[in-house]
Amino acid sequence: MEFAELIKTPRVDNVVLHRPFMPRVEGTLCLTGHHLILSSRQDSKEELWLLHSNIDSIEKRFVGSLGTVIVKCKDLRIIQLDIPGMEECLNIASSIEALSTLDSVTLMYPFFYRPMFEVIEDGWNTFLPEQSFKQIESLTDEWRLSYVNKDFSVCPSYPPVLAVPKSIDDETIRKVATFRHAGRFPVLSYYHKKNGMVMMRSGQPLTGSNGRRCKEDEKLINATLRAGKRGYIIDTRSSNMAQQAKARGGGIEVEAHYPQWRRIHKTIERSNILQESLIKLVEACNDQSHNMDRWLSKLEASNWLTNIKEILTTACLAAQCIDREGASVLVHGTEGTDSTLQVTSLAQIILDPTSRTIRGFESLVEREWLQAGHPFQQRCSQSAYSNSKPKWEAPVFLLFLDCVWQILRQFPCSFQFNEHFLILLFEHAYASQFGTFLGNNAFERGKLKLPQKTVSLWSWVNRPQETERFLNPLFEANSLVIWPSVSPQSLLLWEGVFLRWNRSSKCLDEAYEEMIHIIEHNKELQSKVNTLRRQLAELETEDVQLETP
Amino acid sequence: MNYVKNVFGLMFQVEQVKLLDRYTNKKPAAGTLYLTATHLIYVETLADVRKETWILHHHIATVEKLPLTTTGCPLLIHCKNFRVVHFIIPRERDCQDVYVSLLKLSQPAKPEELYAFVYNPKQNKADRGVSWSTIDLKVDYQRMGLPNDYWEITDLNKSYEICSTYPSELAVPKTASKTTIVGSSKFRSRGRFPVLSYFYKENNAAICRCSQPLSGFTARCVEDEQMLQAIGDANPGSPFMYVVDTRPKLNAMANRAAGKGYENEDNYSNIHFQFVGIENIHVMRNSLQKLMEVCEMKSPSMSDFLTGLENSGWLRHIKAVMDAGVFLAKAVAEEKASVLVHCSDGWDRTAQVCSLASLLLDPYYRTIRGFMVLIEKEWISMGHKFSQRCGQLEGDPKEVSPVFTQFIECLWQLMEQFPCAFQFNERFLLEVHDHVYSCQFGNFIGNCQKEREDLKLHERTYSVWPFLLEKTMQYLNPVYRGSSAFGVLQPNTLPFNFKFWCAMYNCFDKGMHPKQSILDHMLALISQKSDGKGKVIELQNKIGGGCGALTKEASNLSDAQNSLSLSTPNIPLDCAGEPEVSLTNGTAGMKEELSSDRSREQKESKIEAHNSFSNGETPVPVVSKSIAQAEGVSVVSSTAAADE
């Protein structure tokens, strides 16, 4: 077993643990292959179980022979361990460092985790593409499922099954794939049943500097337009950026070749800039020595909320084109795996009431993120405390969740789930006992045999006793489109994530509980009224029966 | 428009006026502008849709005529409740007329011309008297435990001779003689000698307030030193007392050159002197001005907004006031030390800080009634110059400052941190804030008690408190957990806890607010609950009364009801220590025209909220006939779609 080699000191006694808002705990520190455990060995006190994969970075300090290890987690929590003995401390620190940066995915905890609950509904089979397509099939016959990518040879980052226009055959699709970044040809993302308009997504067209064109590509995307209708191409890059991409073989849909389409450029930042933004934001939130001016200027300089505003604005634009303009939309940036997915998934939150339910949201994450090939493994391998220069890391998914939170805040009664559900997804995207967010795309997940070897997050979340915690008590199904405001006054810092460990949420939690209590009690009362009514009606008919014979 | 003519006496009207939308480039609406003696009314007519905007003249802060454009003459109106309206009047002459009239009407020269003097909720004289006795400060002193061994109520100032801006009845240390008091008052700016603000009966520590001493560089006053000694002696549990100067040190030092200044620790026994650095009224006025500019930016970027917010300094000032309040509350509750607070004159920053500290210490002030008492006591009675600070009358614009607004915002910031600790909700704060400026009621007219008595406000105007109490149901906080659930509040004052208050400063920009209101939802549930309870009893009576033979089932049902009443969470209504006053204010005879702008706005927004619940999407104008009839005017509202 390789882990034993990495663990130089498996346990140390008399370690003191400091956590935000909790009393210090003194106890024994144990390192296992996947967990850092601190136990006071008293039943009454809480233990700490921390996944090594949740550790973003560590720092060590020494005062005499007393060492301190500061553990910074991907969920943004910071804990401190006081470890007596310099050698023990150094050993623990280097072991944690090694265990939290394992190279091989198959050594990760999900491959070792055995659920303590009975898997009733296997989450790996809950959201199959065939199933979600059935619904679209019942509404329109303009689309079909294509298995052209069944061996991942056309596009390695796409799933084996994809929805494409019915009139386009697989041969054409193969050609289109060669004209789109990483083979990501335009596929159906969303069908708006109100007016039959669609949203598609793809990678950028590979026009290059000499303006290559591809008739098949034009044919494919034109096949999605109704006679006489125009469509919109939403490019998530600035016009400049898109032009520059030509030099590297990328490019844009030239109007001359796509006369029925209007191209709109929006600027959503690229991943390395987003990662920097997260680091700056978390730094600002964690520094308690700031005065007001410094806090506001750091919040501003992080650009986090600017990014939120840009992403939401672009999603609103896409939704507007579909719902208000009655036009179909194609969304892409460069690769079509990041900003593109933010836009297509948020537009669905706005347009589609189903995506605002728990199941619907899970399905959305499955379709638009996991199946669509958002590289979770790369994006979420480090969080805000990473010391190394970001290579692939970026909080693309976290930004999406933050945007959903912003909409949830503006429409508190229109979502079946609450904020905790969004926070749960954030945590599990970065570190988890479940296999759902491992790998970068369906191809990798298949190779890793995740469905066979790991448990799906959905298997756990969808158990009624777990789901309950994530239900929004205010939810009243709202079948309509919800338009969020994107003015700066309407967008707030997501305290539930970014201030979670910096200020007590006791009073806010109490208010939430109180709200649930009132709502529950009201339901109880209404059902009692109904029971009494029924009983009264029964008594009355009995009376009538007594009188009549 | 007969209706308007009859009620107010229409002064004049202008046709074909356009109202520009503040944020979008939507085609401006066209309509008619009416000026009455009390309101500016704009009626927008678009096919069958009719929308009215009512603005009370007293709510108007500034009127600007902008350079003539091809479409007409623009008139920009800023209101004290942060509404901004931008009209385009076709003819320059009409615009000039409206402009001149509004300048006059918004700031009359004499107090008698204020709205409160003509406002008549159709009550008789007796009711008016009762309305003024709703809040009785003596009762609050009793509640705090006064008089007691250390403190007494004195009427030394009954003819306002010792201090013209103090009320006639004041609480002072028992050991302070008349000579001490009079002597101390001569050594304090405007005679505002140290008096009790709040007595914390749990440990006998007290918060006292006064104005700056006339110490200059060296002057001292034996009586003033005795006065402070008396305050210290009134709290035998503590070996020292704090003297808190709420000004920045530099300002206080500058005052010394003018023969004023601050206490020299060496001259007073056992005082700990402390500056807390809240800026003066001029800095605050400018800060709010900058904040307004930020709020009015047309489609600002996030950076524009945050940078503007920072540069305005507004939240920095709010934090400074909050920090000072927290300092006082901690000194009293934790260190058991009494605190004497002053600024320059002791009617602005001192009022903010003392009332905030009282509110942190005492759950009573976090109830609807308690909050009214607190405003009466620390603000109205102690001579916060509402008339000048709110610019109610023609006068020096440099006297205007958002001191009270800041206090209200501090409360909102506290409510954000302690959502279950207040009996009232955000709407109540906004309504109170509105009425401070509306001059519809007499409470906030004048600068001190003497002025109010001279104006005979109790005989000529009505009190706002019964009017607000009448509408208590709207102002309740559904998740309030009662006055015993929270003791002393210890807010976190790290910068990230202070948020921009959109519902105040962008109050009229509905597009920015959450489209579904948790508050409305919860308030609806609360009223459903009382309906449900009534139904349970009604049904039970029917069952029990109709079929005596079926006792078994009936008893089962009453069990069911018992268990129900046990689990019922009641919204605690704290009225402890306050005599119940029968409220006759604003019942059937009161029509919509009598309530303020904000309540009208709320009624509209209720329709909107309802609309967006059932129809969160399309902006369909809704005409609510029954409401329109009930209010005597046609109220039409349309939901705003997302602003971008």
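Predicted model: local features only at pLDDT ≥ 70, side-chain atom pairs only at ≥ 80, totals over all residues.
Strand β6 of chain B, residues 73-79, has seven of its seven residues buried, so this strand is largely enclosed by the rest of the structure. Which residues point which way from β6(B)? C73(B), L75(B), I77(B) and C79(B) point to one side, while P74(B), L76(B) and H78(B) point the other way. Both sets are buried.

Strand β5 of chain B, residues 60-65, pairs with β6(B) in the antiparallel sense over five bridges. Strand β7 of chain B, residues 84-89, also pairs with β6(B) in the antiparallel sense, through six bridges. Four residues separate β6(B) from β7(B), and the two strands form a hairpin. In the turn, F82(B) has a positive phi of about 70 degrees.

Let me stay with backbone geometry for a moment. Q16(B) is a residue other than glycine with a positive phi, near 60 degrees. Q16(B) lies in strand β1 of chain B, residues 10-20. Is Q16(B) buried or exposed? Its relative accessibility is 57%, and Q16(B) therefore counts as exposed, the cut-off being over 50%. In chain A, A182(A) shows a positive phi of about 50 degrees, although this residue is not a glycine. A182(A) belongs to the loop between α4 (170-179) and β10 of chain A, and with a relative accessible area of 45% it is partly exposed. One further backbone feature is in chain B: the peptide bond from L146(B) to P147(B) is cis, with omega near -10 degrees. P147(B) is placed in the loop between α4 (137-144) and β8 (151-154) of chain B.

I turn to the annotation of chain B. An unreviewed UniProt entry places the feature "domain: Myotubularin phosphatase" at residues 131-505 of chain B. Over that stretch, the chain is 45% helix and 9% strand, with the end C-alpha atoms 31 Å apart. UniProt, again in an unreviewed entry, lists C343(B) under "active site". Where is C343(B) found? It sits in the loop between β14 (338-342) and α11 (349-361) of chain B. Its relative accessibility is 3%, so C343(B) counts as buried, a class that requires a value under 20%. Leaving aside neighbours within four places in sequence, C343(B) is in contact with C210(B), S211(B), Q212(B), D245(B), T246(B), R247(B), D348(B), R349(B) and T350(B).

Now to the nonpolar cores. How many residues does the largest nonpolar core have? It has 235, and the residues with the most contacts inside it are F361(A), F397(A), L425(A), F498(A), F371(B) and Y505(B). A second, separate core of 31 residues includes W143(A), L145(A), L162(A) and F179(A). To return to F371(B), its contacts beyond four places in sequence include L359(B), Y364(B), Y365(B), F407(B), I408(B) and L411(B). Among the others are F424(B), F428(B), L429(B) and V432(B).

The next topic is a sheet in chain A. This is an open sheet of five strands with mixed pairing, in the order β10-β11-β14-β12-β13. The edge strands are β10 (187-192) and β13 (261-265) of chain A, each of which pairs on one side only. On average, neighbouring strands of this sheet are turned by 20 degrees against each other, direction ignored. β10(A) pairs with strand β11 of chain A, residues 197-201, in the antiparallel sense over five bridges. Within that pairing, the bridge partner of L188(A) in β11(A) is M200(A).

Finally, a helix pair in chain A. Helix α9, residues 304-323, and helix α13, residues 396-410, have axes that come within 10 Å and cross at roughly 75 degrees. On the α9(A) side, the contact is made by W304(A), L305(A), N307(A), I308(A), I311(A) and L312(A). On the α13(A) side, the contributing residues are L398(A), L399(A), D402(A), C403(A), Q406(A) and I407(A).

Note on methods. Residues numbered from 1 in each chain as written. Chains lettered and ligands numbered in written order. Heavy atoms only, no water. UniProt positions renumbered as here; feature names shortened; annotations may be inferred. Buried < 20%, exposed > 50% of the residue type's maximum accessible area, 1.4 Å probe, protein only. Contact = heavy atoms within 4.5 Å. Core = buried A, V, L, I, M, F, W, Y, C linked by side-chain atoms within 4.5 Å. Pairing = 2+ DSSP bridges. Axes fitted to C-alpha atoms, helices over the stretch in contact; angles between N-to-C directions.
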